[in-house]
Amino acid sequence: MTKITVASTQMACSWDVQKNIDQAKNLITQAAKSGAKIILLQELFERKYFPQQQKPAYMDFACAMQDDLAVQQLQKLAKDLQVVLPISFFEKKNTTRFNSIAIIDADGEILGIYRKSHIPDDVGYEEKYYFTPGNTGFKVWQTKYGKIGVGICWDQWFPEAARCMALMGADFIFYPSAIGSVPKHPEINSRDHWQRTIQGHAAANLIPIVVSNRIGTETIDDSSIRFYGSAFITDQTGKIVEQADEETTTALIHTFDMEKIKETRNSWGLFRDRRPDLYQKILTLDGTEKNKQSLKG
């Protein structure tokens with residue numbers, strides 16, 4: 001397939017799970033009618049962003065993949081519309097909980113699952129309380145419309161994740177996100193930094209990247225976050241080719257010519273000229289020569 005059309009979405013969320021799923025269905029249908037074949041929804045869209053606060057009762061939101069309402073209902077929609085859907089959900093596997101993505105192919109079948117690797121811990125983003133770091137590693141799936149890699153929110157700040165997915169042959173990278181203000185710190189706004197980081201991943205790996213985010217202000221007890229939307233799509237050079245505002249529920253649509261992307265990669269030779277033999281320090285925590293540095297002395 002020479003040309004592939006992708007979509008990124010953004011919407012506000014409430015505590016009403018079915019209402020949020022229905023809103024997601026509307027956005028997916030809208031994007032599909034505009035020709036999109038791979039459509040991204042935001043992180044943990046079934047509810048408000050519950051990790052804003054640490055509450056034991058919220059642990060009960062987690063469930064097995066096959067029991068998750070969004071996964072169940074969007075499998076059918078993917079099949080009906082013949083679209084690929086990476087679906088974010090709060091996964092419970094035995095006694096462990098993960099921030100996960102189910103990859104639904106255009107026939108409604110689940111190709112596999114990715115579990116968020118990097119788990120943040122910050123004011124209003126208390127994810128380490130809820131999620132165990134993922135054990136799947138970075139993955140790429142062959143869908144009906146091409147190979148895709150998926151990271152989740154905090155993963156998008158790490159260049160190693162994007163590079164791994166590019167090396168595995170991804171045609172696109174998708175990042176569902178939940179990013180906005182920091183409670184009680186109105187002076188902090190990372191929107192532009194966030195976007196520049198993703199643009200760098202796209203440029204350094206010569207790969208288009210699709211990013212979704214939520215909108216609206218969500219308050220839990222005395223904590224409040226204004227999510228700043230700004231969902232966007234970059235081309236393989238890092239240029240933003242589609243950009244949403246900070247407030248509007250929307251689906252962004254963009255068509256890529258895969259042959260042109262291939263030509264760009266071939267002409268630059270970035271993967272040809274890599275020197276993995278020199279990158280051993282990336283396998284360490286502190287830049288030491290060996291992965292397991294002796295602590296003696």
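Where is Ser181 found? Ser181 sits in the loop between strand S8 (172-176) and helix H5 (191-205). Helices (H or I, at least four residues) and strands (E, at least two) are DSSP runs here, numbered from the N terminus.

Before going on, the ground rules. This is a predicted model, in which local features need pLDDT of at least 70 and side-chain atom pairs count only at pLDDT 80 or more, while totals for chains, interfaces and linings use all residues. Residues are numbered from 1 along each chain as its sequence is written, and side-chain values use heavy atoms, with hydrogens and water left out.

Back to Ser181. The side chain of Ser181 reaches the backbone nitrogen of Arg226 at 2.9 Å. That is a polar contact, meaning a pair of N or O atoms within 3.5 Å; within protein, one must be able to donate a hydrogen and the other to accept it, and residues adjacent in sequence count only if both atoms are side-chain atoms. Leaving aside neighbours within four places in sequence, Ser181 is in contact (heavy atoms within 4.5 Å) with Tyr125, Ser224, Ile225, Arg226 and Tyr228.

Next, the sheet. An open sheet of three strands runs in the order S3-S4-S5, with antiparallel pairing; two strands pair if DSSP finds at least two bridges between them. The edge strands are S3 and strand S5 (110-115), each pairing on one side only. From one strand to the next, the twist averages 30°. Helix H2 packs on the sheet, touching S3, S4 and S5, and its direction makes about 155° with that of S3. Axes are lines fitted to C-alpha atoms, for helices over the stretch in contact, and angles run from 0 to 180 degrees between N-to-C directions.

S3 (residues 85-93) and S4 (residues 96-104) share nine antiparallel bridges. Lys93 has Thr96 of S4 as its bridge partner. Two residues lie between the strands of this hairpin, and Asn94 takes a positive phi near 55°. S4 and S5 have five antiparallel bridges, and Ile103 stands opposite Gly112 in S5.

Why is S3 largely enclosed by the rest of the structure? Because seven of its nine residues are buried, where buried means under 20% relative accessible area, exposed over 50%, and partly exposed in between (1.4 Å probe, protein chains only).

Now the cores. A nonpolar core is a set of buried Ala, Val, Leu, Ile, Met, Phe, Trp, Tyr and Cys residues joined through side-chain atoms within 4.5 Å. The largest has 27 residues, and those with the most contacts inside it include Ile28, Leu41 and Ile87. Helix H1 (17-33), helix H2 (69-81), S3 and S4 each supply at least two residues of this core. H1 gives the largest share, seven residues. Apart from this core lies another, of 25 residues, among them Ile4, Tyr145, Phe174 and Leu252.

Strand S1 (residues 3-10) has seven of its eight residues buried, so S1 is largely enclosed by the rest of the structure. S1 pairs with strand S14 (residues 250-257) in the antiparallel sense over eight bridges, with Thr5 opposite Thr255. With strand S2 (residues 38-40), S1 pairs in the parallel sense over three bridges; there Ala7 stands opposite Ile39.

Last item: helix H4 (residues 159-167) and H5 pack at an angle of about 35°, with their axes 10 Å apart. On the H4 side the contact is made by Pro159, Ala162, Arg163 and Ala166, and on the H5 side by His201, Ala204 and Asn205.
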